[in-house]
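Open the model in your viewer and keep the selection panel at hand. The stops below go from whole chains to single contacts.

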Amino acid sequence: MAEIKILTKNIDVPDQDRIDVYMCGGGYEAARKVLNEYMPEAVIEEVKKSGLRGRGGAGFPAGMKWSFVPKESKLPKYLCCNADEGEPGTFKDRLLMEKDPHLLVEGIIITCFAIGIHTAFIYIRGEYVKEAEILQRAVDEAYQKGFLGNVIFGKNFNLDVIVHRGAGAYICGEETGLIESLEGKRGEPRLKPPFPAIVGAFQGPTVVNNVETLCNIPHIMEKGGEWYGAIGPERNTGTRLFAVSGHVNRPGIFELTLDVTARELIYDYAGGISGGRKLKAVVPGGSSSPCLRADEIDVQMSFDALMKVGSMAGSGAVIVMDETVCIPKIALRSLEFYAHESCGQCTPCREGVPWMMKIARRIVNGEGEKGDVDLMLEICENILGRTLCPLGDAAAMPTKGYLTKFREEFEEHIRMKKCKVQSA
Amino acid sequence: MTIVTEKINLTPELKKEAEKLMLRYPDKTAALIPVLHLVQGKFGFVSVELEEQVAELMGLSRTRVHGVLTFYTMFNRKPVGKYLVQVCTNISCTLNGAEETLKKVKQKLGIGVGETTTDNKFTLMTVECLGSCGTAPVMQINDDYYENLTEQKIDEIFDKLN
C-alpha cells in the first residue's frame with residue numbers, strides 16, 4: 001500500500017480554487033498539451049492504458065466507456081459529470097469540487113476533446129449550494145481565460161460547460177436517472193439498452209463520469225497512462241479517495257492506492273476505533289455494499305478483491321461500526337433510506353424494499369416473528385437483478401449482508417424481544 | 001426568502017431570469033428544475049398557482065411540472081419557516097449521535113419533525129445523507145451546513161439565529 005498524492009496533491013494550497021493559483025501549480029498545462037499535440041483517439045488510448053476505473057460506484061473502465069460513443073453522430077454528444085454524490089457515507093467529490101474545482105474543469109475539457117463533445121453538464125446535487133457556486137466561479141474563470149467557449153487554447157475546438165443543480169433525489173446518481181433529471185423530468189431510470197453512449201441526454205450519445213474519475217484525467221495526460229497504470233495492483237490502478245466515517249478517531253478522506261486493506265485504512269489512517277472499543281462491522285463502499293465483519297478486514301480495498309469476498313468497492317465510502325452498534329437497527333436505517341429513495345417504477349423495489357423495512361422495524365421494536373429473517377432473505381432474492389436500475393440491488397445487497405453475517409443478532413432480537421447489544 | 005400567503009405571481013424579472021435559464025439547454029424544458037429553484041428561492045415554496053405559471057411560461061403541462069415538483073425532496077409545496085432546519089439521520093450520522101442531535105433540536109425549537117414554530121421562524125425536517133459523513137452529525141439550515149454537532153454547538157447556532 002502506498003500513500004501517493006495525485007488528486008489531493010494541491011488540496012491544501014491556499015486559494016487553489018482560483019484559476020491563477022491553479023495555473024501556478026501547472027494547471028491547464030495538460031489540457032493545453034492535449035489539445036495541441038494529441039489526436040482525440042490517442043487520448044482515449046492513453047486513458048485505456050492507465051486502467052482508470054470509474055470512481056462513482058460501478059468501477060467500469062473509463063477509457064472503454066468513452067470508446068462506446070460513436071465517432072460520428074448526427075445529434076450532438078454530451079458529457080455529464082456526475083456530481084450527485086448521494087451514496088450514504090460518501091463525501092469525497094465535495095472535497096474535490098470545493099478545493100480544486102479547476103482540476104475537474106480541466107478533466108472535462110480533455111474528456112470532451114477526446115470524445116468530440118461540445119457541451120458538458122456538471123450535475124451537482126442540490127444540497128451542495130456552496131460547491132455549485134465555487135464550480136460556477138471556476139467555470140466563469142475558465143471562460144475568461146479562453147479555456148472554455150470558442151477556440152480553446154487557440155485550437156479549433158469549442159466547449160460549453162453548464163453547472164446544473166439537482167433537487168434532492170438519490171436516484172439521480174444513477175446514469176439514466178441523472179439524464180432524465182437533467183432533461184427536467186422525474187429522475188426515473190431508463191430501460192437499457194440503449195445505453196447512454198448511444199442514446200443519452202437529449203437523445204444524443206452521452207458519457208456520464210464521476211467527479212473523481214474526471215479529476216484523474218489531467219494527471220493521466222500529464223504523466224502518461226503507463227505511469228498511472230503502474231500505480232497500485234493490476235486492474236485496480238491509481239489512487240482513490242477513501243471517505244472514512246463512523247466510529248473512528250480520525251474520520252476523513254484518505255488518498256491511497258487500492259492495495260490498502262480495510263484494517264490499515266481503519267487503524268493506520270483513520271486512527272482506530274473511537275474510545276478504544278472493538279470493531280464490529282465495516283461497510284467498505286457506501287451503504288449499498290454488503291458489510292464486512294471484524295474478522296474480514298484484511299481484504300484489500302480494490303474493486304476485484306472486495307468483489308471476491310462478496311462485497312464491492314462502490315464509491316469508496318467506508319463506514320465503521322464499533323461493538324455498541326445494533327446491526328438490525330442499522331439495517332432498518334438503511335432500508336428506510338432506500339424505501340424513501342425508490343423511484344417506484346419497478347414493483348420488486350417499490351414494494352419489496354418498504355416490506356423489508358417494515359419487517360426490520362418490527363424486529364428492532366421487539367415485535368419480530370419467527371421466520372422473519374428467512375422472509376427478508378427471500379424478499380432480497382426477489383429484488384436482486386429484477387429491477388431497471390441498481391437501486392433495488394443497492395437495497396437488497398447490504399440487507400442480505402447484514403442478515404447473513406449477523407443472523408444470530410437478528411434471531412436473538414426476535415427471541416428476546418429486545419436489543420441485547422444496546423441494553424448491555 | 002419571505003413567506004407570502006396571499007396570491008403570488010411570477011414577477012416580470014423572475015420570468016426574464018427563467019427565460020435566460022431556458023436558453024442554456026438544447027431543449028428549453030430541461031430548465032424546469034433550475035426554474036423551480038429560482039421560484040422557490042424567491043417565494044420560499046412553490047404553490048399550485050406558481051406551478052401553473054411555471055407550466056405556462058415553459059410550455060409544459062401542469063402534470064409535468066407537478067410530477068417533477070413532487071419527485072424532488074428539496075422543493076417545498078407549502079410555506080416553510082424563515083430557517084429550514086434539516087437534520088441528517090443517515091447511517092454515519094446515526095452512528096455519531098443523530099438521534100440525540102434531533103432530540104436536542106426538537107427541544108430547542110419546541111417543535112416536532114415536519115412542524116414550523118408559531119413565529120414562522122423555523123421548520124424542522126429530517127433529511128437523508130447530506131454528503132458530510134466525516135463531520136457527522138450534520139444538519140443543514142437553508143443553504144448552510146453545520147457539522148460536528150454537539151449539544152453546546154446546537155445551542156450556539158440557534159441562539160445566534162434567534
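Predicted model: local features only at pLDDT ≥ 70, side-chain atom pairs only at ≥ 80, totals over all residues.

Residues are numbered from 1 along each chain as its sequence is written, and chains are lettered from A and ligands numbered from 1 in the order in which they are written.

**Chain A**

Helices (H or I, at least four residues) and strands (E, at least two) are DSSP runs, numbered from the N terminus. The radius of gyration of chain A is 22 Å, close to the 22 Å of the globule rule for 424 residues, so chain A is as compact as a globular protein of that length. That radius is taken over C-alpha atoms, and the rule is 2.2 Å times the number of residues to the power 0.38. The C-alpha trace spans about 75 × 45 × 35 Å along its principal axes. Of the 424 residues, 58% count as buried, which requires 20 or more other C-beta atoms within 10 Å of the residue's own, with C-beta atoms placed from the backbone.

**Gly286(A)**

Next select Gly286(A), in the loop between β7 (279-283) and β8 (292-293) of chain A. Is Gly286(A) buried or exposed? Gly286(A) counts as buried because it has 27 C-beta neighbours inside 10 Å. Beyond its neighbours within four places in sequence, its contacts include Gly57(A), Glu87(A), Pro88(A) and Gly314(A); a contact means C-beta atoms, placed from the backbone, within 7 Å.

**Helices α13(A) and α14(A)**

Now show α13 (327-341) of chain A together with α14 (residues 347-364) of chain A. The axes of the two come within 9 Å and cross at roughly 150°, which makes α13(A) roughly antiparallel to α14(A). Axes are lines fitted to C-alpha atoms, for helices over the stretch in contact, and angles run from 0 to 180 degrees between N-to-C directions. Angles under 35 degrees count as roughly parallel, over 145 as roughly antiparallel, 65 to 115 as roughly perpendicular and the rest as oblique. The crossing is left-handed. Among the residues that meet are Leu332(A) and Leu335(A) in α13(A), and Met356(A) and Met357(A) in α14(A).

**Chain B**

Switch to chain B, which has 7 helices and 4 strands. From the N terminus, its elements run α-α-α-α-β-α-α-β-β-β-α. The C-alpha trace spans about 50 × 35 × 25 Å along its principal axes, and 43% of the 162 residues are buried.

Select α2 (residues 32-43) and α3 (residues 48-58) of chain B, whose axes come within 11 Å and cross at roughly 140°. That makes α2(B) oblique to α3(B). Their contact is made by Leu32(B), Val35(B), Leu36(B), Val39(B) and Phe43(B) of α2(B) and by Leu50(B), Val54(B) and Met58(B) of α3(B).

**Where the chains touch**

Finally, show both chains. The contact takes 46 residues from chain A and 32 residues from chain B. Which element of chain A gives the most to the side that touches chain B? α13(A) does, with 6 residues. Other elements to select, each supplying at least two residues, include β3 (160-165), α8 (175-182) and β5 (239-246) of chain A.

How values were computed:
Contact = placed C-beta atoms within 7 Å. Buried ≥ 20, exposed ≤ 12 C-beta atoms within 10 Å, placed from the backbone. Left-handed = near helix turned anticlockwise from the far one by under 90°.
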